[in-house]
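Subject: Structure for your reading, with notes

Dear colleague,

Please find below the structure I promised to pass on to you. My notes come after it, and I would be glad if you read them with the model open beside you.

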Amino acid sequence: MTTSVWLAIVSLLVAFGAAAGYVLLVGVEAVRNHPESYVLAFAVAVALAVLAVTRGQGRRWPAWVALTITGLMLVIGAWFNFVGARVPDVPVAIRVGEAAPDFTLPDASGKPVRLADFRGKRAVVLVFYRGYW
């Protein structure tokens with residue numbers, strides 16, 4: 001096998017390995033919160049495929065196939081990471097300095113408390129905590 005074919009194979013292994021690694025490790029917080037790593041791996045795979053195309057002398061079709069596949073994976077992965085999976089922007093309902101809207105919430109003992117009852121009397125601090133587990 002020529003160097004071009006080996007580079008094409010390595011580029012495909014890098015691309016598919018990155019995709020499989022992300023899918024298998026998506027439960028790990030560091031991987032899930034930073035998916036840029038697989039897009040970077042796709043870019044490395046595309047660079048290897050480009051190198052395979054430029055090094056190819058006879059049969060270049062394996063290098064072109066690798067370049068097409070890794071290029072598509074790069075484009076789709078980048079779109080998914082930077083456009084498709086983004087949390088939509090939510091308009092801010094309250095601006096800095098505006099009065100908070102009135103609401104009623106239970107206090108630590110379960111008694112309902114209204115924000116309006118404290119307006120102009122004392123400072124209010126809201127603490128949200130996530131349940132007991």
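The model is predicted, so local features are reported at pLDDT of at least 70 and side-chain atom pairs at pLDDT 80 or more, whereas totals for chains, interfaces and linings use all residues. Residues are numbered from 1 along each chain as its sequence is written, and side-chain values use heavy atoms, with hydrogens and water left out.

Helices and strands are DSSP runs numbered from the N terminus, helices being H or I with at least four residues and strands E with at least two. Helix H1 covers residues 3-24 and helix H3 residues 36-55, and their axes come within 8 Å and cross at roughly 170 degrees. Here axes are lines fitted to C-alpha atoms, for helices over the stretch in contact, and angles run from 0 to 180 degrees between N-to-C directions. H1 and H3 are therefore roughly antiparallel to each other, a term that applies to angles over 145 degrees, as against roughly parallel under 35, roughly perpendicular from 65 to 115 and oblique for the rest. The contact (heavy atoms within 4.5 Å) involves residues including Leu7, Val14 and Tyr22 of H1 and Phe42, Leu48 and Arg55 of H3. The residues of this contact divide into 16 nonpolar, three polar and one charged, where Ala, Val, Leu, Ile, Met, Phe, Trp, Tyr, Cys and Pro count as nonpolar, Asp, Glu, Lys and Arg as charged, and the others, Gly among them, as polar.

In H3 the buried residues are Tyr38, Val39, Ala41, Phe42, Ala45, Val46, Ala49, Ala52 and Val53. Seen down the axis of H3, these buried residues fall within an arc of 155 degrees, so they line one face of the helix; the arc is that of the directions from the helix axis to the C-beta atoms. The face turned away from that buried side carries the exposed residues Leu40, Thr54 and Arg55. The buried residues of H3 pack against H1 and helix H4 (61-84). Those of H4, among them Pro62, Leu67, Met73 and Asn81, pack against H1 and H3. In H1 the buried residues include Ser4, Leu7, Ala15 and Tyr22, and what covers the buried residues of H1 includes helix H2 (29-33), H3 and H4.

Ala45, in helix H3, counts as buried at 0% relative accessibility, and, not counting residues up to four places away in sequence, Ala45 touches Ser11, Val14, Ala15 and Thr70. Ala45 and Ala8 are 37 residues apart in sequence and 8.7 Å apart in space, C-alpha to C-alpha. Ala78 lies in helix H4 and counts as partly exposed at 22% relative accessibility; leaving aside neighbours within four places in sequence, Ala78 is in contact with Val39 and Val83. Val125 sits in the segment after strand S2 (112-114) and is exposed, with a relative accessible area of 70%.

Conventions: Buried means under 20% relative accessible area, exposed over 50%, partly exposed in between (1.4 Å probe, protein chains only).
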